[in-house]
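Please look at the sequence and the structure shown here before reading on.

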Amino acid sequence: MDKTARIARLVLPGHTNRHGSLFGGIALSLMDEAAGIVSTRVARGPVVTAHIESVDFKAPIWQGEAVLVTAELIEVGTSSMRIRVETQGECLEQGTRRHCTTAEFVMVAIDQHGRPRPIPKEARDDLAQDSGD
């Protein structure tokens, strides 16, 4: 099972604030999307975002650069998952990248009524096997 997701987007004028850098809300949306992809794969069904650990914007991502988002599963519980998500800004002309943001998302698997449901045991076992438990 793939426990990672990557998203790349070009930062266009409609994505920026008056300073010419990516809106924080757009960055968070992309981060949530990547966490959702990973957690849906693991849960094999619908998930919701339950919590986002502190988010610190360390560096701006400028218009014309690429925003790169990487999400990775780090923990699976009975119905919840913890996903580490990082963003980088890439200056495409120079080929340089810099770390911009890191956060941990807690995603919860839900049933058709929107209530928490168990994550399939094989997904929990798969992660435990990968970590050497």
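The questions and answers that follow concern a predicted model.

Q: What makes up the secondary structure of the protein, and how do the elements run from the N terminus on?
A: The secondary structure comes to two helices and six strands, and from the N terminus on these elements run β-α-β-β-β-β-β-α.

Q: Why is Val106 called buried?
A: Val106 has a relative accessible area of 14%, and buried means under 20%, so Val106 counts as buried. The place of this residue is in strand E6, which covers residues 96–109.

Q: Which residues does Val106 touch, not counting residues up to four places away in sequence?
A: Val106 touches Val48, Thr49, Ala50, His51, Ser80, Met81 and Arg82. One of these, His51, is 55 residues apart from Val106 in sequence, while the two are 5.0 Å apart in space, C-alpha to C-alpha.

Q: How do you know that Cys91 is in no disulfide?
A: The count of disulfides in the model comes to zero. For Cys91 the nearest cysteine sulfur, that of Cys100, is 12 Å away, whereas a disulfide needs a pair of cysteine sulfur atoms within 2.5 Å, and therefore Cys91 is in no disulfide.

Q: What makes Cys91 and Cys100 count as buried?
A: Cys91 has a relative accessibility of 14% and Cys100 has a relative accessible area of 1%; buried means under 20%, so both residues count as buried.

Note on methods. Residues are numbered from 1 along each chain as its sequence is written. This is a predicted model: local features need pLDDT of at least 70, side-chain atom pairs count only at pLDDT 80 or more; totals for chains, interfaces and linings use all residues. Side-chain values use heavy atoms; hydrogens and water are left out. Helices (H or I, at least four residues) and strands (E, at least two) are DSSP runs, numbered from the N terminus. Buried means under 20% relative accessible area, exposed over 50%, partly exposed in between (1.4 Å probe, protein chains only). Contact means heavy atoms within 4.5 Å.
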